[in-house]
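This report looks at a few local features of one structure, beginning with the surroundings of a single side chain and moving on to helices.

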Amino acid sequence: MFRRILVANRGEIACRVIQTARRLGVETVAVYSEADARAMHVRMADAAYCIGSAASSDSYLRGERVLQVAADSGAEAIHPGYGFLSENADFADAVAAAGLSFIGPPGSSMRAMGSKDAAKRLMEAAGVPLLPGYHGEDQAYETLSAEADKCGLADGHPVLLKAVLGGGGKGMRIVRSQGELLAAIESAQREAAASFGDARLLVERYLDSARHIEVQVFCDSLGGAVHLFERDCSVQRRHQKVLEEAPAPGVSPELRESLGAAAVRAARAVDYVGAGTVEFIADASAPDHFYFMEMNTRLQVEHPVTEMITGLDLVEWQLRVAAGEPLPLSQPELSLSGHSIEARIYAERPGANFFPASGTLRHLATPPEEGVTVAPAEVRASTDGLATRVDMGFVRGDDVSVFYDPMVAKLIVRGPDRAAACRRLHAALGQWQTVGLPTNVSFCRRVLETPQFLAGEVHTAFIPQHHDALFPPTPPPPPHLMALAAACWVAEMQPPAAHAVHAGHAAAAAAAARLAAI
């Protein structure tokens, strides 16, 4: 095992890695931007180094500065977390060239999976099911149009244009008719070129009612490979996940085995090492028909739900595999018990198309953590295994910056079954308190209140399909709160002199009394 590692990230994932390293007796080194000088991960680490200004392009994305800190601090390995440098193949190669261990897959595996068209050709050769589509080099409009027709556009079925190097919904367009195709191709190509420096697109059939089901895989450097079962991440906004759960609703043991076997074949096809996630899209009405989408060559945001149902610490597995150890368990030794759901807590305005928010967390109260993640199967499957976990990257008084992703925390629960997990998450969200900036907490509760979600009827169009239930009209604040707000405003508008302050208080009280009487 390593003596000291550098965590090349920030927020909750940096704190998450530091917690496991501390439990294993491994020292940690944090890096931070000027905006994060007082951040939670900086305070938790054994040592911390500033690597640049607030912009991630001048700090967290500066691989050469991260490597210099690793050398200066005596770190033996680098954990990239997710985002930033986590899927940068050149950085992974540079870490290895510096004589350090990269806690993730080799650069060659990232490159193989980083290009969607090349990855699909590899998957086809490995016998991993694919959606009908075009993954070729010829990008002429005539070729893309003909291939779109082959994918079903000519028969009235929609197709999806996707950037070859895309992610996060960029360079992606749904096309429902030939009349829309030219403009969609041009728009997607412009966005792909601007976002990824590569305008190439692939074309595939689009499923209007689809499930996003992904499989956690783990491989060591000694030839071992396992899957840790599946997750459902179908409830999404702007192609980004909101609620994730494991196991996926309605997946039979036979389908689970098929998904897992396909995911392991995908990982072996690129000589994978470490934690990875193979993402599939499935027909919501017939999930037995599933197709490869892509592989995320890193630890996922939603990995805690897998930890909850397997009773394992995936970060510990990452550290052990990166240190050259074999996988801690074989496939027959892995078990799935209980049900877990995660809500991503974002600083955002759901009613304004989930527009990100920033500001100071003037007050933050979270539900109490109960139970433990690492528990034996018989406990996870019973009421003794009820658990609530909060993965935080902020505390009260911290700033949620405009420079980074607005995720504040992850709230994860486990119950003996899905119904119990839904009830527990709904109750825990009701205990969440944030003052200083808006969050999506109430929105997540409304999702959990819909009969369709409770029945497991999840799909990628869930939010728009249930728009009216999820975005009810906002009632006006009650009179006493309006009165209090007016009183505060009047007081703040008064000059600072002592006599004026007394006058301001009197005016505020009068204003409050008048409004309360309305």
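## Surroundings of Ile 185

Leaving aside residues up to four places away in sequence, Ile 185 touches Tyr 141, Leu 144, Leu 161 and Leu 201, where contact means heavy atoms within 4.5 Å. Ile 185 lies in helix H8 (residues 178–196), helices being DSSP runs of H or I with at least four residues, numbered from the N terminus. Because its relative accessibility is 3%, Ile 185 counts as buried (buried means under 20% relative accessible area and exposed over 50%, with a 1.4 Å probe and protein chains only).

## Basis of the values

The model is predicted, so local features need pLDDT of at least 70 and side-chain atom pairs count only at pLDDT 80 or more, while totals for chains, interfaces and linings use all residues. Residues are numbered from 1 along each chain as its sequence is written, and side-chain values use heavy atoms, with hydrogens and water left out.

## Helices H5 and H6

The axes of helix H5 (residues 107–114) and helix H6 (residues 116–125) come within 6 Å and cross at roughly 95°, the axes being lines fitted to C-alpha atoms over the stretch in contact and the angles running from 0 to 180 degrees between N-to-C directions. H5 is therefore roughly perpendicular to H6, a term that covers 65 to 115 degrees.

In this contact, Ala 112, Met 113 and Gly 114 of H5 meet Lys 116, Ala 118, Ala 119, Leu 122 and Met 123 of H6.

## Two sides of H18

In H18, the residues Ala 483, Ala 486, Ala 487 and Val 490 are buried. The face turned away from the buried side of H18 carries the exposed residues Leu 484, Trp 489 and Glu 492.

How values were computed. Angles under 35 degrees count as roughly parallel, over 145 as roughly antiparallel, 65 to 115 as roughly perpendicular and the rest as oblique.
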